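Hi,

Here is the model I promised to pass along.

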Amino acid sequence: MEKEKVPQDKSNLTKNNVKELLYATDENGEYTTTLSTGWEPKSIALSNSIDEINERIAEAKMQVEIGEVSPICYYMERSKMDLTILASYVGMWKWRVKRHFKPTVFAKLNDSILKKYADAFEISIAELKNIKTD
């Protein structure tokens, strides 16, 4: 893409006065860097992804509140992790982490295991145990 044709559409980046670094060709056909405030199709896709993530977080929070899953599920979604990533952060097998999603199993976890989860989510053990319902 030519440097003059780099999109400058309004996006989530413009809200915070942030620009994205892109590569484009200059008037000599050489590659160079340029800044863009956004591109509408990319902004729409990003907005849709963020909306989906927020829906998954809200669903996980509701499931915790009604006792279907443990707070680990909520914090995993809030931290934009999946089972594989979380398991690697806490140094456990995926099946074991998934087992900790059960509220009855979660209630029996000792503080050393809870500390691993709390560290992965960058929260305290108390926050992990007592999800905020605000």
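This is a predicted model: local features need pLDDT of at least 70, side-chain atom pairs count only at pLDDT 80 or more; totals for chains, interfaces and linings use all residues.

Where is the place of K80? K80 sits in the loop between α3 and α4, where helices are DSSP runs of H or I with at least four residues, strands are E runs of at least two, and both are numbered from the N terminus.

Residues are numbered from 1 along each chain as its sequence is written, and side-chain values use heavy atoms, with hydrogens and water left out.

K80 is exposed, with a relative accessible area of 58% (exposed is over 50%, buried is under 20% and partly exposed is in between, with a 1.4 Å probe and protein chains only). E122 is not a glycine either, and has a positive phi of about 60°. You'll find E122 in the loop between α7 and α8, and at 74% relative accessibility it counts as exposed.

**Salt bridges**

How many salt bridges does the count come to? Three, taking a salt bridge as a side-chain nitrogen of Lys or Arg within 4 Å of a carboxyl oxygen of Asp or Glu.

- E77 and R56 meet through their side chains at 3.0 Å, N to O. This pair links distant parts of the chain, with E77 in helix α3 (residues 71-78) and R56 in helix α2 (residues 40-65), 21 residues apart. E77 counts as buried because its relative accessibility is 15%, whereas R56, at 39%, is partly exposed.
- K129 pairs with D111, and their closest N and O atoms are 3.9 Å apart. Distant parts of the chain are linked here too: K129 is in helix α8 (residues 125-129) and D111 in helix α7, 18 residues apart. Both ends are partly exposed, K129 at 44% and D111 at 47%.
- D119 bridges to K115, with the closest N and O atoms 2.8 Å apart. The two are four residues apart in helix α7, so about one helical turn separates them. D119 is partly exposed at 46%, and K115 is partly exposed at 42%.

**Surface charge**

R96, R99, K102, K108 and K116 form a positive surface patch. For the patch rule, residues have over 30% relative accessible area and no salt bridge, like charges are joined within 9 Å, and nonpolar side chains (Val, Leu, Ile, Met, Phe, Trp, Tyr) within 5 Å. Lys and Arg count as positive and Asp and Glu as negative, with His and the chain ends not counted; a charge is placed at NZ of Lys, CZ of Arg, CG of Asp or CD of Glu. Areas are from Shrake-Rupley with a 1.4 Å probe, and for residues only the protein chains shown count as cover.

L83, in helix α4, is 55 residues from N28 in sequence and 48 Å from N28 in space, C-alpha to C-alpha.

Cheers
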